[in-house]
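Trainee: I have a structure to read and I am new to this. Please take me through some features, one by one.

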Amino acid sequence: MKINEQEYRDKLMGCWMGKNIGHALGQPFQWKRKINDVTFYIQEDMPGTNLDLQLLWLRALEDNGVHTSTPILSEYFLSYTNIYGSAKVNMHTGLMPPLSSQAQPYRHSTGALARTEIWATISPGCPEIAATKTYHDAIIDHGAGEGLLAAIFMSAVQSSGFIQNDKFELIDIGLSYIPEDCGVAQAVSSVLDSYKQGKTWLEARDKVLQDHRGQHKDWEDAGISQRDWDYGLADGDEGYDAPSNIGMIIIGWLYGEDDFARSICTTVNCGEDTNTNAAALGALLGIINGLGQIPYDWAEPITTKISTKIIDIFNVKHIPRTLGELTTRIERLAKIIMLTYRPDVEFTNMLTSICQADLDRLPNPEMGEKILRNMYGPIYENSLITCALDYKSDGYIKPWNTAKIQLRIGCKLNHDLLLNIKWYLPQGFGIKPVSRGLLRCPGGGVQTPPYEFEIEAYGPVEIVNRFVIEITSPGRHTAVLVPVVLLDGGLM
């Protein structure tokens with residue numbers, strides 16, 4: 001597959017400009033459950049960009065290389081942000097993602113949905129890469145929740161938008177990366193059904209909220225319209241926001257009928273997380289059509305300067321200051337990403353060359369299943385193996401009680417590998433069935449069956465209890481040290 005560099009850069013700029021436009025349009029209506037009547041910006045002073053975490057991930061990639069994954073991203077998250085309290089508190093105790101956010105309801109919300117573009121833009125036309133990178137990001141503060149699935153869906157769609165412009169094909173691509181029975185997939189399917197049945201966008205919106213709504217935000221001046229009270233749309237589960245808001249994005253996309261302004265306005269008019277939704281849709285439309293197709297009157301009020309609010313710019317050096325600089329640095333990263341993961345993709349000055357085979361491979365349910373197979377525990381790896389933990393106890397152990405841990409190992413080599421497994425336990429704990437042993441790990445990335453261990457507390461436990469699994473291979477000098485953290489569950 002050949003990607004024209006000039007066209008790619010135009011789409012990059014279209015992505016960032018479209019995102020900023022949508023963010024500005026939706027900001028005044030944020031988290032209000034009501035029908036809006038928006039046709040253009042209503043504020044005189046445009047809000048700043050909403051790119052902080054994407055800029056932080058950019059620096060993480062530039063600092064640590066293209067294989068940067070959850071352990072590194074989570075350290076940057078801890079060190080340089082001043083948001084997402086519950087996930088950060090849990091990580092400060094030693095809990096790694098996804099346990100850092102698994103127990104809180106906002107794992108089903110839209111935080112990760114607001115930052116998918118970084119992964120889509122470094123992986124143009126390669127949704128399998130974008131979805132994998134998004135997983136390593138979103139699992140930090142959204143655990144194995146709908147917020148994770150919403151982000152994976154959107155990043156796959158946005159990445160594919162660099163080479164595909166059929167909205168229904170793009171939606172199918174995004175759906176192929178997430179379980180068909182999850183809330184996000186059901187909300188998308190609901191909108192598709194309403195559109196194909198000839199229902200209005202308002203009817204489609206009401207149907208989504210009837211079936212997939214979360215608790216509306218009862219903040220000062222937020223409110224809920226009398227109409228939605230009368231329609232029985234006032235209640236909902238706390239934090240369960242991602243499915244309905246993905247639905248609002250799809251409504252604007254379908255009912256906007258390929259008109260940029262109509263699309264983002266329709267999404268904002270649906271209410272809910274209006275700035276996140278319109279920003280995600282604006283970015284997608286910018287990717288599909290490029291900067292040149294964004295109407296001038298919408299782009300003209302938007303600054304290309306980048307401001308930050310939630311990251312520590314005094315410690316995170318060399319943050320891009322303009323959208324142009326951001327685009328240049330994304331382009332550099334994308335070329336390295338493609339050389340690393342997809343050397344068949346070529347950036348060229350020649351005309352873009354995309355064959356049917358390139359489009360046919362975009363829906364990838366097998367890759368979606370592979371990405372999500374370890375979503376209930378952290379992953380550790382080196383150049384030889386990948387180790388995935390599954391905390392069956394949700395990260396807690398009670399005094400005089402037990403907690404179960406499952407370990408799966410995948411070998412990155414093409415041949416089998418012998419591995420030594422050894423547990424290091426603090427005083428007062430035991431391990432079953434054994435604390436050390438030898439196993440054979442199949443080659444080719446195939447994961448072993450889950451090895452289940454039972455940790456037993458012989459008495460009182462500390463508030464934070466730390467264990468280490470050491471994995472080595474006979475005759476090789478490298479090792480993987482897998483930390484296991486269990487919190488005192490005596491009061492739960």
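Trainee: What should I know about the model before we start?

Mentor: This is a predicted model, in which local features need pLDDT of at least 70, side-chain atom pairs count only at pLDDT 80 or more, and totals for chains, interfaces and linings use all residues. Residues are numbered from 1 along each chain as its sequence is written, and side-chain values use heavy atoms, with hydrogens and water left out.

Trainee: How do I describe two packed helices?

Mentor: Two packed helices are described by the angle between their axes and the distance between the axes. Axes are lines fitted to C-alpha atoms, for helices over the stretch in contact, and angles run from 0 to 180 degrees between N-to-C directions. Helices (H or I, at least four residues) and strands (E, at least two) are DSSP runs, numbered from the N terminus. Now take helix α6 (residues 127-142) and helix α7 (residues 146-160). They pack at about 155°, and their axes are 8 Å apart.

Trainee: What does that angle make α6 and α7 to each other?

Mentor: Angles under 35 degrees count as roughly parallel, over 145 as roughly antiparallel, 65 to 115 as roughly perpendicular and the rest as oblique. So α6 and α7 are roughly antiparallel. Their crossing is right-handed. A crossing is right-handed if the near helix is turned clockwise from the far one by less than a right angle, and left-handed if anticlockwise.

Trainee: Which residues of α6 and α7 meet?

Mentor: Contact means heavy atoms within 4.5 Å. From α6, the residues include A130, T134 and Y135. From α7, they include L148, A151 and S155. By class, this contact has ten nonpolar, six polar and no charged residues. Ala, Val, Leu, Ile, Met, Phe, Trp, Tyr, Cys and Pro count as nonpolar, Asp, Glu, Lys and Arg as charged, and the others, Gly among them, as polar.

Trainee: At what angle do α3 and α6 pack?

Mentor: Helix α3 (residues 70-80) packs on α6 at about 50°, with the axes 9 Å apart. That makes α3 oblique to α6. The crossing of α3 and α6 is right-handed. T70, L73, S74 and F77 of α3 meet H136, D137, I139, I140 and D141 of α6. The residues of this contact divide into four nonpolar, three polar and two charged.

Trainee: How do I read burial along a helix?

Mentor: Start with the rule. Buried means under 20% relative accessible area, exposed over 50%, partly exposed in between (1.4 Å probe, protein chains only). An α-helix has 3.6 residues a turn, so residues three or four places apart point the same way. Now look at helix α8 (residues 167-175). Its buried residues are K167, L170, I171, I173, G174 and L175. They pack against α6, α7, α9 (183-196), α12 (242-255) and α14 (274-289).

Trainee: What happens at the start of α8?

Mentor: Look for a polar contact there. That is a pair of N or O atoms within 3.5 Å; within protein, one must be able to donate a hydrogen and the other to accept it, and residues adjacent in sequence count only if both atoms are side-chain atoms. A side-chain oxygen of D166 comes within 3.0 Å of the backbone nitrogen of F168.

Trainee: Is S473 buried or exposed?

Mentor: S473 sits in the loop between β11 (464-472) and β12 (479-488). At 6% relative accessibility, S473 counts as buried. Its side chain reaches the backbone oxygen of L418 at 2.8 Å. Leaving aside neighbours within four places in sequence, S473 is in contact with L417, L418 and L419.

Trainee: Where is T116, and what does T116 touch?

Mentor: T116 is in the loop between α4 (85-93) and α5 (117-121). At 0% relative accessibility, T116 counts as buried. Not counting residues up to four places away in sequence, T116 touches Q54, A151, M154, S155 and Q158.

Trainee: Which residues does a cis peptide bond join?

Mentor: P98 is in the loop between α4 and α5. Another joins K432 and P433, with omega about 5°. P433 lies in the loop between β8 and β9.

Trainee: What is the phi of W31?

Mentor: W31 has a positive phi of about 60°, although it is not a glycine. W31 is in the loop between α1 (5-26) and α2 (52-64). At 9% relative accessibility, W31 counts as buried.
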